Amino acid sequence: MLDVGRHPNIDLLAYSEIEKVEGEEGNFKVTVRRKARYVEEDKCTGCGACKEKCPTVVPDAFNEGMGERKAIYSWFAQGIPSTHTIDPNYCRQLQGKKCGVCAKTCQAGAVNFEQKDRVVELTVGAIIVAAGYDVFDPSRIPEYRYDKLANVVTAIEFERLLSASGPTGGHLDRPSDRAIEAEIEALEKKAGKSQKVIAKFEEQFGQASADFYSSFQKGEYKDDEERNKWAEKYKEHLEIVEPLEAMKKKAEGFTAAKRLAFIQCVGSRDFRFYPFCSGYCCMHSIKEAIIAHEHGPETTSTIFGMDIRAIGKGFEEYKIRGGNHSNITYVRGRVAEIQAGPDNNPVVIYEDTKERMVKSEEFDMVILATACAPTKGIYELADKLGIELDAYDFVKTSPLSPVDTSRPGIFVCGCAGAPMDVPESVAQASSAAERAAEIAFYGDARKEKAVA
Amino acid sequence: MSKDILVIGGGIAGIQSSLDLADMGVKVHLVEKLPSIGGKMAQLDKTFPTNDCAI
């Protein structure tokens, strides 16, 4: 990534979208909209002082909504370019309220609330489409209860939980436990405020609230207006503190997730959604189970799948290593349902096809290996580029020219063309680069050949 | 006849294509819709089968 930012031959247009494409191979006229960041790219040093001071907290999309960021943000810490961006949907100033704290904090004077979108015209010989994919939305499978059970997560969410730069700093804290901890924090703030109110009364009357309240309940001080207020405030305080104490006691028992279930083919190899095999999910489930085991040696993982497709260099060995050294059990069977169990533990109902029995098992967390779905933006992009999509809305290619689209001079690589893993994406990317280079270097000769 | 190349998408595939072309001496315009490049791979903790860091 750093090399891209530094390379003299790369003109990086981040936070930009394709508006219009005209022309033909060798001579495409492309209009690119550079969206307003409200931060000057040539001035911002990426120091991050602005986001420290920004008062508006927003769910962090990079962490799949599990962490928090500010209204002025960098997409992620090591992001290239490091230029910060203001989210106009959340920024107080851009929403017409009074703020501008970031502009006051920025020593480089980079914040510019008046910035507008800019339109750039490019002339290029060839285009490479590397638009990627979207994660399948598992809430479309109601029996897996992804949107109801906090501890049922997608593989990419789990990836963020495992990451040292993620919302938990790499600790496998369960989402339900994190929610309770967040609630405790909020209640503690509230309790602190009400404690201050009560302390004032205690000082005024020289008596502890608990003693006063017991005599108040016996019927004393009924006519004293101030003491009535005190009693009311103390009652409110108790209503905060009592559930808070219970929650705190519960939170003491929280540990990292230790019993993990991985469910394969969520949305893929499923005729209701995508009949194809996404190809990489078996491997990322094994990888996540191995990494989770590295985080906590007592972690056990069960991978539920129709079969484990470990096709690739070193993949089968990786799978066996996971089974032998990382407490992974492979169960052949498709999961029918995930139910709510005690202590927010999901219960997996499945058929063990080897034993021909329907079984159920309780886990700390369930991770869904979601399908590789075509990216939502591909329809509009394909329309602008004038390229065809296939039956599943990936870019149409043919087996003997896997990076050529239906339009000459436009190539595709990575998951925009079909589901594939990182090594394959990289190989295809180099292939697409070579096809595009043919036009850059021998474009004129190609044209003559085409005419002849 | 333009010798520049446009790459749409700054994930691992777009990054690899851009670098390959740029190293060949071709001018590349890399368009990414999000504020930073990196794509899905930047969200990953590690990659299989070597458990190398993804970033």
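Predicted model: local features only at pLDDT ≥ 70, side-chain atom pairs only at ≥ 80, totals over all residues.
The model scores ipTM 0.97 and pTM 0.91. Chain B averages a pLDDT of 94, and 100% of its residues score at least 70. Among the elements of chain B, S1(B) has the highest mean pLDDT, at 98. The lowest mean, 86, belongs to strand S4 (residues 52-53) of chain B.

The contact between the chains draws 69 residues from chain A and 50 residues from chain B. On the side of chain A that touches chain B, helix H11 (residues 422-451) of chain A gives the most, with 13 residues. That side of chain A holds 42 nonpolar, 20 polar and seven charged residues. Strands also pair across the two chains. Strand S9 (residues 126-129) of chain A runs parallel to strand S1 (residues 5-8) of chain B, and four bridges link the pair. Within this region, Val129(A) stands opposite Ile8(B) in S1(B).

A further pairing lies within chain A. Strand S4 (residues 57-60) of chain A and strand S5 (residues 67-70) of chain A run antiparallel, joined by four bridges. Here Val58(A) stands opposite Arg69(A) in S5(A). The two strands form a hairpin with six residues between them. In this hairpin, Glu64(A) takes a positive phi near 55°.

Most residues other than glycine have a negative phi, and most peptide bonds are trans. Cys265(A) has a phi near 55°, although the residue is not glycine. Cys265(A) is found in strand S12 (residues 259-266) of chain A. Is Cys265(A) buried or exposed? Cys265(A) has 24 other C-beta atoms within 10 Å, so the residue is buried; the cut-off is 20 or more. Asn327(A) also has a positive phi, near 55°. Asn327(A) sits in the loop between helix H9 (315-325) and strand S14 (328-332) of chain A. With 19 other C-beta atoms within 10 Å, Asn327(A) is partly exposed.

Pro81(A) has its place in the loop between strand S6 (72-73) and strand S7 (85-86) of chain A. Pro49(B) lies in the loop between strand S3 (46-47) and S4 of chain B.

Terms used:
Residues numbered from 1 in each chain as written. Chains lettered and ligands numbered in written order. Contact = placed C-beta atoms within 7 Å. Nonpolar A, V, L, I, M, F, W, Y, C, P; charged D, E, K, R; others polar. Pairing = 2+ DSSP bridges. pLDDT = per-residue confidence, 0-100. Buried ≥ 20, exposed ≤ 12 C-beta atoms within 10 Å, placed from the backbone.
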